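User: Hi! Could you walk me through this one, starting wherever you like?
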Amino acid sequence: MALRGKGMLITFTEVRPRDERDFNEWYNREHIDERVNLPGFRRARRYVAADGQADPRYMATYECDTVGDLATRRYLKLLANQTPWSQRVMARFTKFHRLTLRIRADLAHGVGGAVTCVRFVPDPAMAGRLATWLRRVALPAAIERPGMVGGFAASNELDVANAPARAQGVDYPQASTVEWAVVLEGADTAATAAASRATLSRRALAPFGVTGAPTVGTYMLLFGNER
């Protein structure tokens with residue numbers, strides 16, 4: 001089965017070790033359920049770094065009908081009026097990175113126990129060619145490897161990414177580069193990490209204007225919910 005929509009929020013988060021118990025309880029008991037019950041949201045999953053192979057330590061995905069669901073009035077109001085538990089936990093974040101994504105290629109299939117996420121910034125003029133290559137070449141090659149079950153690619157929508165700051169009148173630098181994320185899903189972390197190395201290396205991405213080394217993190221599934 002493919003993803004549950006054409007939009008996705010991915011967050012990367014970290015807290016100090018002494019705050020992890022409360023952080024994990026909040027995520028599992030309040031935050032995931034709160035989000036999946038919003039209009040347009042369909043499924044959410046959260047992950048933890050595998051053997052220190054990812055920075056930040058935690059990753060979460062939230063599937064929604066369209067990327068526009070991440071900029072609705074109701075969603076932005078929720079962001080501006082968090083629950084007391086959310087306020088307490090979020091104040092303890094030591095790292096936080098947020099991507100509001102439009103799905104560009106969807107070869108997802110079910111739910112695997114591990115993912116490797118590869119992030120990079122291509123030349124915007126190469127976006128169409130990159131999406132085609134990912135859909136027709138890179139993702140199929142990764143998924144056919146032993147232990148793999150699926151994968152998808154998505155690009156950050158800057159207007160949506162900057163919507164919370166605009167809605168709250170917050171004055172801080174807004175997102176200005178279109179970061180892409182490719183998520184490879186499999187039965188175990190060794191399979192997904194090997195697939196990313198084989199298909200999404202810096203050399204493989206260079207023809208699409210990617211000049212720096214991609215950011216790669218491998219994660220294990222912790223919890224998920226859907227409606």
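Analyst: Happy to. T100 lies in strand β4, which runs over residues 93-106. Helices (H or I, at least four residues) and strands (E, at least two) are DSSP runs, numbered from the N terminus. This is a predicted model, so local features need pLDDT of at least 70 and side-chain atom pairs count only at pLDDT 80 or more, while totals for chains, interfaces and linings use all residues. Residues are numbered from 1 along each chain as its sequence is written, and side-chain values use heavy atoms, with hydrogens and water left out.

User: Is T100 buried or exposed?
Analyst: T100 is buried, with a relative accessible area of 0%. Buried means under 20% relative accessible area, exposed means over 50%, and partly exposed is in between (1.4 Å probe, protein chains only).

User: And what does T100 contact?
Analyst: Setting aside neighbours within four places in sequence, T100 is in contact with M8, L9, V67, L70, S155, N156, E157, V160 and A161. Contact here means heavy atoms within 4.5 Å.

User: What about the leucines on either side, starting with where L99 sits?
Analyst: L99 is in strand β4, and L101 is in strand β4 as well. L99 is buried at a relative accessible area of 0%, and L101 also counts as buried at 0%.

User: Which residues do they touch?
Analyst: Beyond four places in sequence, L99 touches M8, L9, I10, F12, R119, N156, E179 and A181. With the neighbours within four places again left out, L101 is in contact with K6, G7, M8, I10, V67, L70, A154, S155, N156, E179 and A181. As for distances, L101 and G68 are 33 residues apart in sequence and 9.4 Å apart in space, C-alpha to C-alpha.

User: Let's switch to T116. Where is it?
Analyst: T116 lies in strand β5, and it is buried with a relative accessible area of 0%.

User: What joins the side chain of T116 to T192?
Analyst: The side chains of T116 and T192 are joined by a polar contact of 2.8 Å. A polar contact is a pair of N or O atoms within 3.5 Å; within protein, one must be able to donate a hydrogen and the other to accept it, and residues adjacent in sequence count only if both atoms are side-chain atoms. A polar atom of the T116 side chain also lies 3.2 Å from the backbone nitrogen of A193.

User: Which other residues does T116 touch?
Analyst: Not counting residues up to four places away in sequence, its list is V182, V183, L184, T192, A193, S196, V216, G217 and T218.

User: T192 and A193 again! How many residues of α7 are buried?
Analyst: Helix α7 spans residues 189-199, and eight of its eleven residues are buried. They are T189, A191, T192, A193, A194, A195, S196 and T199.

User: What covers them?
Analyst: The cover includes β5 (114-120), α4 (127-143), β6 (148-156), β7 (180-186), α8 (202-205) and β8 (215-226).

User: And what caps the N-terminal end of α7?
Analyst: D188 does, with a side-chain oxygen 3.2 Å from the backbone nitrogen of A190.

User: Nice. Is R43 buried or exposed?
Analyst: R43 is buried, with a relative accessible area of 6%. R43 is found in strand β2, residues 41-49. Leaving out residues up to four places away in sequence, R43 touches A2, L3, R4, V36, T61, Y62, E63, V111, N225 and E226. R43 and T116 are 73 residues apart in sequence and 19 Å apart in space, C-alpha to C-alpha.

User: Which peptide bond is cis?
Analyst: The bond from D55 to P56 is cis, with omega near 5 degrees. P56 sits in the loop between β2 and β3 (58-64). For background, most peptide bonds are trans.

User: Zooming out, how many helices and strands are there?
Analyst: The protein has eight helices and eight strands. Its radius of gyration is 17 Å, close to the 17 Å that the globule rule gives for 227 residues, so it is as compact as a globular protein of that length. That radius is taken over C-alpha atoms, and the globule rule is 2.2 Å times the number of residues to the power 0.38.

User: What share of the residues counts as buried?
Analyst: Of the 227 residues, 52% count as buried. Residues 24 or more positions apart account for 82% of the contacts with a separation of 6 or more.
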